[in-house]
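Hi,

Here is the structure I promised to pass on to you. Have a look at it first, and then read on for what I found in it.

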Amino acid sequence: MSFQESWQLRAEFARRLSEMYGTEVPAYTTLVEVSEAVNRDFLHREGGEAERLGSIDRVTAERHGAIRVGSPEELSQVARVFAAFGMYPVGFYDLRDAAASAVPVVSTAFRPTDATELARNPFRVFTSMLATDDPRFFTADQLHRLREFISSRTLFPAELLSLADRAAEAGGLAEKEAANLLELATAAFELSEDPVDHAWYRELEEVSAVAADIGGVSSTHINHLTPRVLDIDDLYRRMEDLGLAMIDEVQGPPDWRGPDVLLRQTSFRALSEDRVFRFEDGTVGPGALRVRFGEVEQRGIALTPAGRALYDRMVIDTDRRLRESGGVRTDVAREVWEEHLPDTEAGLLGQGLAYFTFELSGPAPAVTGPVRISDLLDAGTVAASPIVYEDFLPRSAAGIFQSNLTGQGTKDAEQEGTPYDLTRLAEIMGRPIADPFQLYQHQVDASVAHLSEQLNTPVINDTLKENADHV
Ligand code: OOG
Ligand code: NI
């Protein structure tokens, strides 16, 4: 082993976290085994088509993690750690208003941003920061004590941060340093054995179980690690057959006759785990917490802003119909989808609702003068391949948080919330947060530019019409 490039470090980091989490949460290992069986069977059933949204090797190794930190400083440090693995912040998620329960966090996702890197290993980590300064959740006194508690802990040792900075700058590390980085980075996300201050944890839990999980313990940890499956409905049935109780439904798009888009997720509820507590009378002893769970996901095609706007309207429409006439959410959603969303890839492309790259389907024909993508597609010269969705959905994220909370927590809606947005979070980290739409569009544009080179003539992409008022 010589120089380890950032993608090799990333693949190994994901592998080690998976191994560690498997020892911490044994049900996770079952989930991974069932996921692998589901994917094998799907591949067997569907053949080559099964790999349309990613090679089976990519999908088998694919995981997303979720972690939670307590302050701007901790967020900027974790950004340095992830940069060592070629993972950069993408997208902004505000979960404070997305859930009925109190979820006082704002989030981003760290992931590779270019297609080659994603194909090598797409490891991503949904990362949430506790909004300690949001007066809807915390009193001034709690804010003060939270800040004190959080600023007195060290999540990421100085040696890890300096190794990470070097890896980020050099695009990798030499063998020995790489081993060191991997060990320190993995350990930073291990469940701590430090006693949990019982009174403090319970006080925070009154406000929000998420706040307690972040600000009530002395370190951070992997909250969940999520494998990707090619058929989540099959996975759901197999897990239930094994006696693992899943949450009531699959979050996100329904199972329907058309192409999978965006992201479908489900989880089993948090399991009780042994922890050591320091109790009010000063004694130290065993207790249990229920915060970590198993989640699984199925990924579909990335939607354009117009497609996403349509998706958001369909979610609202589903809610309205459920309120007015009742029914099962997934059935109602399917009905809405079948009314509004094209049920073929060509339909999605034709209406500018989803992202596709374009490739020659055979040897380059002789063409003269500028050509349009739509003409090349009609002539069969060029084929369109869907781009897989690499990000998250705020409503599903909120649902995932919520389904695992013990209590509702408290939120004072009379107060004004602290204004967080993408720009503010980027400032905190001192690095830009990429816009997911721009990343997908960039992939499309790169494929068109490549086509133009191959055909030696200008190629006009006339497929992405803005179509925001489709419904
Ligand atoms: C993160 C919840 C969001 C997802 O897959 O949407 C998430 C958390 O529980 O910390 O992981
Ligand atoms: Ni998740």
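The protein is built from 18 helices and 14 strands. Its radius of gyration is 23 Å, close to the 23 Å that the globule rule gives for 471 residues, so the protein is as compact as a globular protein of that length. Buried residues account for 54% of the 471 residues. If you take the contacts with a separation of 6 or more, 76% of them come from residues 24 or more positions apart.

Please keep in mind that this is a predicted model. The average pLDDT of the protein is 93, and 98% of the residues score at least 70. One stretch to treat separately is residues 466-471, where the pLDDT is below 50. In the model, that stretch has 14 contacts beyond near neighbours in sequence.

Next, a helix pair. Two packed helices are described by the angle between their axes and the distance between the axes. For helix 4 (residues 72-83) and helix 17 (residues 422-429), the axes come within 8 Å and cross at roughly 75°. An angle of 65 to 115 degrees counts as roughly perpendicular, and helix 4 and helix 17 are therefore roughly perpendicular to each other. On the helix 4 side, the contact is made by Pro-72, Leu-75, Ser-76 and Ala-79, while helix 17 brings in Leu-425, Ile-428 and Met-429. Sorted by class, this contact has six nonpolar residues, one polar residue and no charged residues.

Finally, some backbone angles for you. Most residues other than glycine have a negative phi. Here are two residues with a positive value:

- Leu-262 has a phi near 50°. Leu-262 sits in the loop between helix 11 (232-241) and strand 9 (263-278).
- Asn-456 has a phi of about 55°. The place of Asn-456 is the loop between helix 18 (436-455) and strand 14 (459-460).

Which of these is buried or exposed? Leu-262 counts as buried because its relative accessibility is 1%, and buried means under 20%. Asn-456, at 69% relative accessibility, counts as exposed, the cut-off for that being over 50%.

That is what I have for now.

Best wishes

How values were computed. Residues are numbered from 1 along each chain as its sequence is written. Chains are lettered from A and ligands numbered from 1 in the order in which they are written. This is a predicted model: local features need pLDDT of at least 70, side-chain atom pairs count only at pLDDT 80 or more; totals for chains, interfaces and linings use all residues. Side-chain values use heavy atoms; hydrogens and water are left out. Axes are lines fitted to C-alpha atoms, for helices over the stretch in contact, and angles run from 0 to 180 degrees between N-to-C directions. Helices (H or I, at least four residues) and strands (E, at least two) are DSSP runs, numbered from the N terminus. Angles under 35 degrees count as roughly parallel, over 145 as roughly antiparallel, 65 to 115 as roughly perpendicular and the rest as oblique. Contact means heavy atoms within 4.5 Å. Ala, Val, Leu, Ile, Met, Phe, Trp, Tyr, Cys and Pro count as nonpolar, Asp, Glu, Lys and Arg as charged, and the others, Gly among them, as polar. pLDDT is the predictor's confidence in each residue, from 0 to 100. The radius of gyration is taken over C-alpha atoms; the globule rule is 2.2 Å times the number of residues to the power 0.38. Buried means under 20% relative accessible area, exposed over 50%, partly exposed in between (1.4 Å probe, protein chains only).
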